[in-house]
Amino acid sequence: MFLVYCLVKKIFNSQDQKAVEFFKNSFDLQDTERPALSVSLFVHSITLFLCFQIKNVESKDGVVNLCTSCMEIVLKYMSSKMTDLQQMLVFHQNPIIRRSVLNKLPDYAKIMPMIYTELKNLLVPVLELDSSQMKLMKTLLIQHAVLQQDDPNQFESTNWHCGEARLNGHQVLLHVHKPSKTDHIERNKSEFHFHQDVFYNELEKLQKLKHENIIQLLAFRLHCIPSFYIVEDYKVTNLQETLRNIRKINGSLYRPDILHSFVVGALMAVQHCHELGFVHRNLTAGSLFIVEERKVKLCGFHLCLEVKDGNIRPDDKMEKHRSLRWTAPESLHNFEYSKASDMWMVGHLLNEIFTHGMFPYEDFLTSDEEVTSYIQEDGSIPMEACIPEKLFKYIIEPCNSKLPHERPTVANVIEKLKRVDPETLQWELSNSESQTKTKIEKGAQATIHNPKFIEDITGDEDKNLDLVSISETITKIKLTHEHIFREKLSERVPPELSSQIDSKQLYDLIGDVRIVQNRQAHHIECNIPSSCSGNLLDVALKKSLGQGPQNYLQCITVLGSVLMKLWSNSWIIGDLGADNVYVNKEHQNYKVYLVSMSYLKHLESNLHIKKQISHEASTLSRAAPEVVKSNAFTCESDVYCFGYLIWEIFTALHKDGTKVEEFRKLTSLDTTKEEDIYKYVASRTRFCFPSCCDERSTVYCCSQAMKQFILTCCHIQQTKRPRKNLVQKFKEICKTDYDCQFSE
């Protein structure tokens, strides 16, 4: 140990090549097993010398020789457990050191966890990232995913990854670049080609564009690996999706003066770009996001280019990201872009906003090919009934002139708009409900529905919404791409619980859940895709998933897995019935969505939504005895509901042509006395299993093993219910008795 200490001291003080060689040789000559402490001190010392003292070596040859000798020592004796030392060397400024350690790795993909750790060390002191956000960022980097799966803004040929975070209490987006091995070894920074890499192109432009109506670049790092940049979160309040969602709800529209403010703000941002010599090339409502009641900001600068000599012809690789329905004729035909081509897009953008989100040509052209042909044949955007003729003729139509030099400047359009009386802009719902089929219909930006703005517009108690009543407390809002389930709450949600839900801690488990609270009412909302087959009870009654029980049992298995994941994270769902579990088939697998959250509870912090058990018949009939008696919601009470749900499905499969309402009457209670209810739910004889007396019913017969499993789940004693091995036992019965096949 003393010899190691003396040699290390000499190396640090003198940067002596001979001392390093002596150090290496003396260690190699030892025949006996070296003490672990000596080896650790040895490797740590040389690593720290490389990181902090090598820069003091004056000659270039001396640096090369010292680095080579030191790295031979480090690579020979560094164990796999010394990840912190590897981390320091992988991101060292000296290419010799980086090359030595990186070439030792058989697969460069193994460097991704180190990039994640380096990123965390750089950003966590500044950014607020909860555990789910850090997990997502780690997954994106390590698994080489390109952006989030639900993000339509998935540009090809990029290595940028996007995740959410918080900065000074505000939601932001973090973009991180995954470098190539060549970049990392040779340059220690990524080699970007802005004509091909749309995200680097955006970063380059945002460094030069500063305006109150342009998305703000908050931080960036380009000169070292890993490179990243942080911007305001433009996805949550995307204008395009907000307008289109609201347009589907009769009477719930933005006031004309607010739309007018949006348009003027957007054009002020475009004017700033043009003054600095930039063309945006993606001016759709999808490239705008709402920051205040009357204010929008321009984003989506991935395709933005600097104009020289009046116009520019971009790299062909960027052209596949164009929003064709908004693109000018000269850009479609000859790939020529200028401020005038931006003004063509401005005309289409004004039409889109003033029609509350109608895509250009949406009501009579359904594909990009049709749009291109129509414009080539000198077609023009038609005037909609909701736009005053004077506004269309005076502002929108001049922007859509076929001759670029005849189009007005953005300053001219702003001046004209300021003279328009917003009250003359009246909206009338279009008779057409057609949807464009173009894959890039929404421009380049992610478009995520934000219910806050619907809440602000609709006001008290949803009086303007065309809603579907699901139960006494749950209503469903039908939108084009999703259904929103809104459940009324009797009391305000505790702030701590609301914060946990809003921070998306539950997102990976049960999807998009939100708390909506105002002075008049409190709601909990969740979103599901509009493509869902329906709730489990409904699909079982209609036999929508087939005649045999296998597909229904597959769905129940997925539901059981969701419950167990919730429990492992100290969450319970509280109320669970076949009519509030929706199913959707995705890539040959089933996915389930829970739409009743009013009894959601976090066990670890004892936080829950304060609500007494409902007197709704369907809720009472499936509640566990301890819930009916004392509101004691636990994981075991979820198991009870799970068992009851299985019984519901088998019973429903035996009912031909029965509607959900009729089925509920057959299985619900006809008493409201608490004592009678408790006796009923505590009784094992309550489960009347369908007989299998004919060939048809035999297909759906509940086997003896399945009956026993249901009765065990619904045992009056909580300790008897199979919580820990719930899914495993259920799967075993499904495989044995119903020949179910499960993908592992």
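Modeller: The largest nonpolar core has 81 residues, and Leu594 and Met706 are those with the most contacts inside it. Helix α26 (residues 635–653) gives the most to this core, with 13 residues. This is a predicted model, where local features need pLDDT of at least 70, side-chain atom pairs count only at pLDDT 80 or more, and totals for chains, interfaces and linings use all residues. Residues are numbered from 1 along each chain as its sequence is written, and side-chain values use heavy atoms, with hydrogens and water left out.

Biologist: What makes a set of residues a nonpolar core?

Modeller: Its members are buried Ala, Val, Leu, Ile, Met, Phe, Trp, Tyr and Cys residues joined through side-chain atoms within 4.5 Å. A second, separate core of 73 residues includes Val296, Met343, Trp344 and Val420.

Biologist: How do you know that the span of helix α7 agrees with its number of residues?

Modeller: The expected span is 1.5 Å times one less than the number of residues. For the 12 residues of α7 (residues 112–123) that should be 16 Å, and the end C-alpha atoms are 16 Å apart, so the two agree. Helices here are DSSP runs (H or I, at least four residues), strands likewise (E, at least two), numbered from the N terminus.

Biologist: Why does Arg721 count as buried?

Modeller: Buried means under 20% relative accessible area, exposed over 50%, and partly exposed in between (1.4 Å probe, protein chains only). Arg721 is at 4%, so it counts as buried. Glu626 counts as buried because its value is 10%.

Biologist: And Glu397 with Lys393: what makes them partly exposed?

Modeller: Glu397 has 36% relative accessibility, so it counts as partly exposed. Lys393 is at 43%, so it counts as partly exposed too. Their side chains meet in a salt bridge at 3.6 Å, N to O. They are 4 residues apart in helix α17 (residues 389–399), so about one helical turn separates them.

Biologist: How many salt bridges does the rule give?

Modeller: The count comes to 15.

Definitions and conventions
A salt bridge is a side-chain nitrogen of Lys or Arg within 4 Å of a carboxyl oxygen of Asp or Glu.
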